[in-house]
Amino acid sequence: MKHLLINSLFATGALILLNGCTTNEVMDSASLEQQQKQTYADNFVKKYGTISPTQTWDFTGGKVSLGTRASRGGEDISIELVDGLDWGLEESVGEGNKYAFTVTKNLAIYNDVPLKLPDKVKHQGESAILVAPSNDFYIYPISCQGQWTHKFYVRVGDAEPVEVYHKFWTDYTKPYLNGMATNSSVKDGVLNVTKRAEMPGVHVTAPTGTPVEIYLDKIQNGSQPMTSTVTGSAIVINTDARPEGVPLEENSIVQYIGIEDRYDYDLDYNDMVLCVVGNPDTPPTEKIIDDKYSIKTNITKRYMIEDLGATDDFDFNDIVVDVTENTTETHHRTYKVDSDGNKGELITDIVTNTSKTQKAVIRHLGGRLPFTLKIGNTTIDDITPQLDVDVEITKNVSGWIPDRNNVSVEVQQKSGAVYTVTFPKAGEAPMIIAVSPEQKWMGERKSVPSSWFYIPE
């Protein structure tokens, strides 16, 4: 693959680097390395066009995942109230001048959820935290009922809790839907609506792994506070019903969550039901046990490396290596406690321990030149070079800093000289690029497409 015609780089009588080389020979080696890299850079520009001085070569966007979940990573926290679920309610005056309504949209949810969470049928819920996935997601309150009033909050990370809605009615004879009248009267056959259930949706964007709380607070019997003031105990409902009229990509995942408004009551978990929509992933849950929970995340980057065996080869497959950092953060929560020992408002949620492990998996070898791969503090020098071979060689590493891309390779050229290839700075011609681990490498001598790079016109 990499047959460099080094004669063109050496003047007649030029010195070939051997063991025991002189100072002039070392200088010649450094000069030849610089010439070779410059020729590579010139050919790169001929192939792909002028490089912007701000062009960077990490195309992962801070690749973060939860298990197999992929991420853009790095976003700030955003909690935005959006339109709630539309049931297409048609209001009317029913028999005996009683208020009536007809549901014309989202009938699958309307019909299925009550079957999954019927009244007075007990379930075993659990206290859990949601964990922000790789993508943004939506939370839509579907229905709520019960004789207790309450407020529903969403809290993301350390941001202030956002009040989504206030349930001020105490009619538990039926579940109320968004937009449904909660206070109405009929006079002379005319329906007069004075109050409605206002339950907007919530659009959440947060860095992967951020804790997300959904809970009821300010639970009261009419105007009287109840013993239990905060509840986060919930149950996930299994149903294939999918919401209509909301942002929903083809591969979106939808899950439903039921929440109980008091720990010591009927435990049917239908006092408030949520629909969570992720494009594509919904937040996974992490159980809270003894006021502690752990969040596991990992960041993976695939480095694709050219070994400078040729200056016109841009297949970036001489070494393909995935580097992963697994992180576990243990959180501990503290609450206000009343005189009876009941938990109240959350006071703190702090990380008490963080552990990390790192590993590298070499996936492909595409060159015949011997090399030493350096990842963070780890040197890997026992890999036999091979031409166009898929491999799976796993090595434990340490000291890798994902944001700094501290990966390099020392390659022994046919001349005997050792050239060092480092992750490029902005505006430089790259000999190493970072891509997502889903990106497949190119075939031998097949240059990566220009669409991989941002090259200004």
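Strand β3, residues 90-93, and strand β4, residues 99-102, run antiparallel and are joined by four bridges. In this pair, E91 stands opposite F101 in β4. Together β3 and β4 form a hairpin, with five residues between them. In that turn sits G96, with a positive phi of about 70 degrees.

Some ground rules. This is a predicted model, in which local features need pLDDT of at least 70, side-chain atom pairs count only at pLDDT 80 or more, and totals for chains, interfaces and linings use all residues. Residues are numbered from 1 along each chain as its sequence is written, and side-chain values use heavy atoms, with hydrogens and water left out.

Now the terms. Helices (H or I, at least four residues) and strands (E, at least two) are DSSP runs, numbered from the N terminus. Two strands pair if DSSP finds at least two bridges between them.

The overall picture next. How many helices and strands does the protein have? It has two helices and 28 strands. The protein has 457 residues, and 48% of them count as buried. Buried means under 20% relative accessible area, exposed means over 50%, and partly exposed is in between (1.4 Å probe, protein chains only). Contact means heavy atoms within 4.5 Å. Take contacts between residues at least 6 apart in sequence: 70% of them join residues at least 24 apart.

Back to strands. Look at β5, residues 126-131. Two bridges join β5 to strand β16, residues 233-237, and the two run antiparallel. Here E126 has A234 as its bridge partner in β16. β5 also pairs with strand β19, residues 285-287, in the antiparallel sense over three bridges. There the bridge partner of A128 is K287. β13 is joined to β5 as well, antiparallel, by two bridges. In that pairing L130 stands opposite V212.

Next, an open sheet. Which strands form it, and in what order? Four strands do, in the order β24-β23-β26-β27, with antiparallel pairing. β24 (378-380) and β27 (418-422) stand at the edges, each with a single partner strand, so one side of each is left without a neighbour in the sheet. Neighbouring strands here are turned by 20 degrees against each other on average, direction ignored. For that angle, axes are lines fitted to C-alpha atoms, for helices over the stretch in contact, and angles run from 0 to 180 degrees between N-to-C directions. Inside this sheet, five bridges join β23 (residues 371-375) to β26 (residues 407-412). T372 stands opposite E410 in β26. A general point on strands: in a regular strand the side chains alternate between the two faces of the sheet.

Now a helix, α2, residues 107-116. Which of its residues are buried? They are I109, D112 and V113. Seen down the axis of α2, these buried residues fall within an arc of 100 degrees, so they line one face of the helix. The arc is that of the directions from the helix axis to the C-beta atoms. The buried residues of α2 pack against β6 (137-144), β17 (253-259) and β18 (272-278).

On to the loops. D76 lies in the loop between β1 (64-65) and β2 (78-82). Is D76 buried or exposed? It counts as exposed, because its relative accessibility is 67%. Leaving aside neighbours within four places in sequence, D76 is in contact with T205, A206 and P207. D76 and T205 are 129 residues apart in sequence, yet 7.3 Å apart in space, C-alpha to C-alpha. P207 lies in the loop between β12 (201-205) and β13 (211-221). At a relative accessible area of 26%, P207 is partly exposed. The C-alpha atoms of P207 and I77 are separated by 7.0 Å, and these residues are 130 apart along the chain.

Last, the interior. A nonpolar core is a set of buried Ala, Val, Leu, Ile, Met, Phe, Trp, Tyr and Cys residues joined through side-chain atoms within 4.5 Å. The largest has 50 residues, of which F152, V154 and I214 touch the most other members. Apart from it lies another core, of 48 residues, including L308, V397, M431 and F453.

And the cysteines? C144 is buried, at 0% relative accessibility. C275 is buried too, with a relative accessible area of 0%. A search of the whole structure finds zero disulfides, a disulfide being a pair of cysteine sulfur atoms within 2.5 Å.
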